[in-house]
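Hello,

Here is the structure I said I would pass on. Please open it first, then read the notes below.

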Amino acid sequence: MRIQSLAAIAVVGALGLAACSPHKVVEKAEQPAPPAVAAAPKLPVSINAVMVGMVDYAAEPVWVSGYKPPKTKAGWRDLEHNAYEVAVNGKLIQLVGTGPNDAKWAADPEWVRLADELSAAGMDALKAAQSKDVAGVNAAGDRLVEVCEGCHKKFKPAETTGGLY
């Protein structure tokens with residue numbers, strides 16, 4: 001009887017240990033969720049408003065500085081800031097805004113090319129301003145004029161720059 005009791009205790013103990021040990025549970029492999037696709041950012045104003053309110057105000061000092069260069073450190077720093085704005089705004093105007101032509105413009109490869117040229121001219125102006133290279137600023141200003149006139153000729157031939165819509 002004692003052997004049977006020891007055997008019963010051993011069996012119960014073994015079962016108890018087996019019940020407490022980790023079990024390998026075979027689960028169906030979970031598929032990772034597909035990555036969320038972020039919506040393209042949209043401007044809260046029209047592209048034209050960005051052009052009038054930001055690009056014009058940043059580009060004009062760059063053009064002027066080619067003929068009337070800054071005379072102080074603060075003037076050169078202001079020119080650098082304007083050049084940054086031109087460079088960034090070239091990318092910003094590639095986003096769709098609230099204007100009636102914005103989606104059509106932003107989808108047009110020529111618009112994108114000219115906007116990239118605007119950014120590149122801004123970067124040229126930045127490099128020239130950082131090295132206080134007046135000839136380089138002048139060349140960047142000339143490039144800005146070419147880009148702006150080319151874009152207006154193609155996309156806004158009958159519209160004034162200040163005609164917001």
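This is a predicted model: local features need pLDDT of at least 70, side-chain atom pairs count only at pLDDT 80 or more; totals for chains, interfaces and linings use all residues.

Which residues of α3 are buried? They are Trp76, Leu79, Glu80, Asn82, Ala83, Val86, Ala87, Asn89 and Gly90. The cover over these buried residues includes α2 (47–67), α5 (109–130) and α6 (134–155).

Next, the packing of helices. Two packed helices are described by the angle between their axes and the distance between the axes.

For α3 and α5, the axes lie 7 Å apart at an angle of about 160 degrees. An angle over 145 degrees counts as roughly antiparallel, and therefore α3 is roughly antiparallel to α5. Their crossing is left-handed. Residues of α3 in this contact include Trp76, Leu79 and Ala83, and those of α5 include Leu118, Met123 and Leu126. The contact residues comprise 13 nonpolar, 5 polar and 3 charged.

For α2 and α6, the axes come within 7 Å and cross at roughly 135 degrees, so these two helices are oblique to each other. This crossing is left-handed. Among the residues that meet are Val62, Trp63 and Tyr67 in α2, and Val137, Leu144 and Cys148 in α6. Here the contact residues divide into 9 nonpolar, 4 polar and 1 charged.

Regards

Key. Residues are numbered from 1 along each chain as its sequence is written. Side-chain values use heavy atoms; hydrogens and water are left out. Buried means under 20% relative accessible area, exposed over 50%, partly exposed in between (1.4 Å probe, protein chains only). Helices (H or I, at least four residues) and strands (E, at least two) are DSSP runs, numbered from the N terminus. Contact means heavy atoms within 4.5 Å. Axes are lines fitted to C-alpha atoms, for helices over the stretch in contact, and angles run from 0 to 180 degrees between N-to-C directions. Angles under 35 degrees count as roughly parallel, over 145 as roughly antiparallel, 65 to 115 as roughly perpendicular and the rest as oblique. A crossing is left-handed if the near helix is turned anticlockwise from the far one by less than a right angle, and right-handed if clockwise. Ala, Val, Leu, Ile, Met, Phe, Trp, Tyr, Cys and Pro count as nonpolar, Asp, Glu, Lys and Arg as charged, and the others, Gly among them, as polar.
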